[in-house]
Amino acid sequence: MQNNSIKKLTYGGLMIALVFVATAIIPQIPVPFTEGYIHAGDSMIFVAAILLGWKYGAIAGGLGSSLADIYLGYTHWAIPTLIIKGIMGAIVGFIVKDIEEGSLAKVKKFLTVIIGGGWVFFGVALKNYLAVKLGNLQTSELANYLVEKFDLKGISELQALVDKVQTSLLVAIILIPLFVIVLSLILKRQGKEMISVSNLMGMTLAGLWMVIGYYIAGGILKGNMIVPIFSVPANILQFVGGLIIAYPVVLGLKRTKYIKNI
């Protein structure tokens, strides 16, 4: 029992390092018009939480990601990242845990409904909010502010950017829940080892929380709830990419004697 705890503690420390490396060392993709960047760190948060549980997922996600922000010069994001990515890791670990009965099972179902339903509401509200706040771009003071802030060539380029973000939100609102539902039904029938329904749900819900959390944090830090909207599509792409990377890694590690003994 003691050896098992030491192993988990060791693997937990290793996962903090892997989250940091995947976020800060592996080349990132800068997101235009924002301070953000797309990285592979989310995949290691998923791996840590699925293999080691929600506590280690929370610690690895929070510490590894916030240290990466400090290393890359985004020190003002370190605390929000610590909270957002910590909760992200905890959500994955909690949802993937096999809980069939009792109060924790009810909490798990409640969390699934809240985040899943909250995502649809969030996406629709954000899309409408963007349209209402900008209104007529030709006469909007906010539009002129965004053109200057994002260093755009003019209102026409801003309009193209707004249309792209609104389309991305609409597609994500529809496709993400649909994808999860369809794939879950297929997995329940096939019973495949590589992709379990709980793993899929855990990573998806955690990713949606991350997108919502960073939007709220961005609005607070910037004092403007419009600017962070432009980073939402990139954050969606990031967690989906992390999900795709995490699956083969988790499958491979689960087949090793080191993980089986935990």
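Predicted model: local features only at pLDDT ≥ 70, side-chain atom pairs only at ≥ 80, totals over all residues.
**Stop one: the nonpolar core**

Begin with Trp119, Leu146 and Phe230, which touch the most other members of the largest nonpolar core, a set of 70 residues. Then colour the helices α1 (2-25), α2 (41-52), α4 (78-96), α5 (103-134), α6 (141-149), α7 (155-190), α8 (197-222) and α9 (232-254), each of which supplies at least two residues of this core. Helix α8 gives the most, with 12 residues.

Stay on Trp119 and show what surrounds it. Not counting residues up to four places away in sequence, Trp119 touches Ala172, Ile173, Ile176, Pro177, Leu208, Val211, Ile212 and Ile236.

**Stop two: a charged pair**

Next select Lys85 and Asp42, whose side chains meet in a salt bridge at 2.9 Å, N to O. Lys85 lies in helix α4 and Asp42 in helix α2, so the pair ties together parts 43 residues apart in sequence. Are these two residues buried or exposed? Lys85 counts as buried at 1% relative accessibility, and Asp42 counts as buried at 0%. The count of salt bridges comes to 1.

**Stop three: Asn224**

Finally, move to the loop between α8 and α9 and select Asn224. With a relative accessible area of 16%, Asn224 is buried. Which backbone nitrogens lie by its side chain? The side chain of Asn224 reaches the backbone nitrogen of Ile226 at 2.6 Å, and a polar atom of that side chain lies 3.3 Å from the backbone nitrogen of Val227. To finish, show Leu142, Tyr145, Gly218 and Gly219, which are in contact with Asn224 when its neighbours within four places in sequence are left aside.

Notes:
Residues numbered from 1 in each chain as written. Heavy atoms only, no water. Core = buried A, V, L, I, M, F, W, Y, C linked by side-chain atoms within 4.5 Å. Buried < 20%, exposed > 50% of the residue type's maximum accessible area, 1.4 Å probe, protein only. Helix = DSSP H or I, 4+ residues; strand = E, 2+ residues; numbered from the N terminus. Contact = heavy atoms within 4.5 Å. Salt bridge = Lys/Arg side-chain N within 4 Å of Asp/Glu carboxyl O. Polar contact = N/O pair within 3.5 Å; in protein donor to acceptor, adjacent residues only side chain to side chain.
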